Amino acid sequence: MVNEERLRQLVKIAKFDTNDGKSCKPMTQYARKDYVSLQMLKSFVTGTITYAMMFAIWALYSMDTLIRKMTGNGIFEFAAKVLILYLTFMLLYMGATYIVFQVKYTEGRKKVKKYYNSLRTVNAMYERGENKTQREGD
């Protein structure tokens, strides 16, 4: 005979494994601080590469302006502006990364807790079923 409640729990478990299992796996492997730090390190690298690419595209587009600013003392002012823009960009990008992955970790942990609770429920159902079978066999 099929236990409908056990079947519902098994379907919940299967849905989690299929839909959210891979994306929530890091939440079981890392502490929040480690997970967010890893994501921020990745974002630092990608943010720096992105800024360099955007700067290169702008430099190619505005070559005449760039050459004029590079003459004399203008190079130091230009470098300072580029550095300030880089730091501002990275501050905003890293702040957004921090917030996004804090929320993602929290939501993932909630999903993992529900998953583990479903596993415990199914395990308890199986144990109750085995105990009934053993009592009936005695």
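Reader: Which residues is Tyr51 in contact with, leaving aside its neighbours within four places in sequence?
Author: In this predicted model, Tyr51 is in contact with Val82, Leu85, Tyr86 and Phe89, once neighbours within four places in sequence are left aside.

Reader: And what makes up the largest nonpolar core?
Author: The largest nonpolar core has eight residues in all: Tyr51, Ala59, Leu66, Phe78, Val82, Tyr86, Met90 and Met94.

Reader: Which elements give two or more residues to this core?
Author: Helix H3, residues 32–61, and helix H5 each give two or more residues to this core. The largest share, five residues, comes from H5.

Reader: What other core lies apart from it?
Author: Another core, of five residues, lies apart from the largest one. Met27, Tyr35, Val36 and Phe101 are among its members.

Reader: Turning to Thr97, where does this residue lie?
Author: Thr97 lies in helix H5, which covers residues 74–137.

Reader: Is Thr97 buried or exposed?
Author: Thr97 counts as buried because its relative accessibility is 6%, and the cut-off for buried is under 20%.

Reader: What is Thr97 in contact with?
Author: Leaving aside neighbours within four places in sequence, Thr97 is in contact with Gln39, Met40 and Ser43.

Reader: Now the surface: which residues make the nonpolar patch of about 380 Å²?
Author: That nonpolar surface patch is made by Phe44, Val45, Ile49 and Met53.

Reader: Where is Val45 found?
Author: Val45 is found in helix H3.

Reader: Why does Val45 count as partly exposed?
Author: Val45 counts as partly exposed because its relative accessibility is 44%, and that class lies between under 20% for buried and over 50% for exposed.

Terms used
Residues numbered from 1 in each chain as written. Predicted model: local features only at pLDDT ≥ 70, side-chain atom pairs only at ≥ 80, totals over all residues. Heavy atoms only, no water. Helix = DSSP H or I, 4+ residues; strand = E, 2+ residues; numbered from the N terminus. Buried < 20%, exposed > 50% of the residue type's maximum accessible area, 1.4 Å probe, protein only. Contact = heavy atoms within 4.5 Å. Core = buried A, V, L, I, M, F, W, Y, C linked by side-chain atoms within 4.5 Å. Patch = residues over 30% accessible without salt bridge, like charges linked within 9 Å, V, L, I, M, F, W, Y side chains within 5 Å. Areas by Shrake-Rupley, 256 points an atom, 1.4 Å probe, with all protein chains shown as cover. Salt bridge = Lys/Arg side-chain N within 4 Å of Asp/Glu carboxyl O.
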